[in-house]
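Dear colleague,

Please find below the structure that I am handing over to you. My findings follow directly after it.

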Amino acid sequence: MNDQAQPMHHHGQHGDINWQPWSPDLFERARQEDKMVLVDVGAVWCHWCHVMDRTTYGDSRVTDLLNRDFLPVRIDRDERPDLDRFFQSAPTLIESRGNGWPLTMFLLPGGEPLFRATYLPPEGSDGTTGFLDLAEQLQKLYRGERHKVDETAEELRHRLQNATPPDLSGELSAELLDEAFHHMERAFDESWGGFYGREGSPKFPAPGAMEFLLAYGHRRRNESARRIARHTLTMMARGGIYDQLAGGFHRYSVDRQWRVPHFEKMLYDNAELLLCYLRAWRALGDDSLRDVAEDTMRFVDNVLSDREHGGFFGSQDADVGLSDDGDAFTWSLDEVRKVLGDSDEFRLFVDFYDVRETGQMHHDPRRNVLWQSMSVDDLAREANRSPDDVRGVLERARARMLEARSKRQQPAVDRTLYVSWNGMMIRAYVEAYWSLQRDDALEMARRTANRLLEEGRTEDGVFCHVAGRQQPWGLLEDQAWMALALVELYAATGESRYLAAAETAVEWSRENLWADDVGGFYDRPQPTGDEPDVLASATLRERPIEDSPSSSSNAVMALALKKLAMAADQPEYRQLAMRTLSAFGGVIGRLSVHGGALAHAAEVFLTGITRIVIVRTDGEADALVRAARTTYLPGKLLLVFRATDVKDRALIEQYGFDPDGPTAAYVCRGRSCQPPAFDADSLHHALRHG
């Protein structure tokens, strides 16, 4: 495979624009020089950010204007998710349009948001506004109607400083879960799977909702919930959002059929979906779901893993150049013919993956996104051959196509190690260790955790957002995901330092992020004065409850607390999990797909975590471990203790089990445990009826 292109770093320098760092001095300078601040929020993987870099910020008129009349600032949304969240949703003095990336934000010297837009060409045409016109209009307003602007800014500042977080609390109940399910059922796209299936509307994976539907379907024996999860996961895996050759998921689909994706591949999507497919395989027994999980792991291992040192990279770009749109992943009919020849393989491949003279890509209509247009059985019937025969031909064709694709210039990989995203992948790899019996997955999870404990924390044991960088630190998403990942890793390895690190992150969050008045956790600590307070500090903090796009941090923290309560035998963490979820009890039922992770956390909380403790006294525990590993049980925590290990022996006695009897498995809910199971059948029975 040829060398990968360097990432087109959105936050790198471009042209001669004098980009400023985000710092406390910025607004001090803005006030002294009486200049507005232009904030440009983008990302390494964002196609339109690269286009705006070239077309707009590469235009000498824009460069001159920004350097003369504004203080321009660049922010990477992955590196500063807290600031991105604020700018995407902040109220503006002038009614604004659009959010997403690139985000173009004009601020007054005091930091008040004046106007927000997304991609802006240098000049407008056909009714669209251009950057130069907009900047000029805003300058005119700022210079010519200063009194009015200042008055409105003062009103906004007053409103925000006196804003109180809404009370979203409510009692947790099984009815809430029923309500959440019915909302998802109504939003379900019967034809193509997923949710909100309007023609031409984009579709995003919803791993939080999938987890909820699997758990709810299992516990309630609700076939409709299981069917929604199965159909959605199956259709996504057949679509172009899934890389049919190399495995792994692109960011989202621009159509309801999952056919044409935005081609960047994010670590967070692949982490949550890997976990989802593994659990769905266990819950639904469909081996094709396991195949997707294994191929996704192969992609992550090959492209997003630092195998030598541990750690997972942030993303793989969509493009290798500014004029292409996923060209590294798409094919013309001629290109396929060149690889496969005019053969049997070629004919079956183009039928199965719907490769035509005219494909789906607007920028180059010859290019096709590969997607499975029919089942293997249907193709076998059409070709009058056996399904196994067809499967073998397609497998050989795929291998040849992937080899040919790997000779193309590959999209760049952003090698940044985001701590929260790595926590997601540690958890997914621990799940792969349990489900697929992959020791290499556990080894990679462990190596990654060790690296993050070394490079991704402050001296106080608080997680930073980027490994190797001290700023920003203390974000809820990093504490929550790492706490959950470390509890799971402790369960898989028995290494108590992982449990201790999880407790430190949770304790710090309780001290510094808990919302005393309304409950739940804020996404970040109070500003400390070493960074600009754009408006009132309250407006920079919110309590994340929606999955946007990965699971909400309050849901993840609630799950981490519940598991920590069981693993560390600390009931007060269970109490805190309940208070966290109750803080949002008033909306959990109504958030539908967007609140999938919160509904899942509430489901696990209300049903309870099942702790399976295997006490290994005579070395013969493999059958029991396999039975515990492979049984689908939402909110399961499996602990294996060796009676020969001094520390384990102390824990066995603390739990009240017998360290000197035969090897046994104990299935426990809260503090009550069923009688010991000595063989796999008894354990299966206990898990099914426990």
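Phe312 is buried, at 0% relative accessibility; buried here means under 20% relative accessible area, exposed over 50%, and partly exposed in between (1.4 Å probe, protein chains only). This is a predicted model, in which local features need pLDDT of at least 70 and side-chain atom pairs count only at pLDDT 80 or more, while totals for chains, interfaces and linings use all residues. Residues are numbered from 1 along each chain as its sequence is written, and side-chain values use heavy atoms, with hydrogens and water left out.

**Aromatic rings**

Rings of Phe, Tyr and Trp (its six-membered ring) are paired if their centres lie within 6.5 Å; planes under 30 degrees apart count as stacked, over 60 as edge-to-face and the rest as tilted. Because Phe312 lies in the loop between α11 (287–303) and β8 (315–316) and Tyr429 in helix α16 (residues 419–436), the pair ties together parts that are 117 residues apart in sequence. Helices (H or I, at least four residues) and strands (E, at least two) are DSSP runs, numbered from the N terminus.

Across the whole structure, the search finds 28 aromatic pairs. In another of them, the rings of Phe212 and Tyr216 have centres 5.3 Å apart and planes at 35°, so this pair is tilted. Phe212 and Tyr216 are four residues apart in helix α8 (residues 207–220), and therefore about one helical turn separates them. Phe212 is buried at 0% relative accessible area, and Tyr216 is buried at 4%. One aromatic cluster is formed by Trp19, Tyr57, Phe70, Phe106 and Phe131.

Two arginines sit over ring faces: Arg259 over Trp371, at 3.8 Å from the ring centre, and Arg408 over Trp331, at 3.9 Å. The criterion is that NZ of Lys or CZ of Arg is within 6 Å of the ring centre and within 35 degrees of the ring normal.

**Disulfides**

The structure holds two disulfides, each defined as a pair of cysteine sulfur atoms within 2.5 Å. One joins Cys46 to Cys49, with an S to S distance of 2.2 Å; the torsion about its S-S bond is about 85°, so this disulfide is right-handed. Both Cys46 and Cys49 are buried. The other joins Cys668 to Cys673, at 2.1 Å from S to S, and its torsion of about 105° makes it right-handed. Cys668 is buried at 0% relative accessibility, whereas Cys673 is partly exposed at 34%.

**Largest cavity**

The largest cavity holds about 280 Å³ of space. On a 1 Å grid over the protein atoms alone, a cavity is a set of points where a 1.4 Å probe fits but cannot get out, and lining residues have an atom within 4 Å of a point. Grid points are joined across faces, edges and corners, and a volume is the space filled by probe spheres set on the points. The lining has 21 residues, of which Arg279, Glu431, Lys563, Leu633 and Lys636 lie nearest the centre of the cavity. Helix α16 gives the most to this lining, with five residues.

Yours sincerely

Note on methods
1 Å grid on protein atoms, 1.4 Å probe; cavity = no way out; pocket = protein on both sides within 12 Å on 5 of 7 lines; lining within 4 Å.
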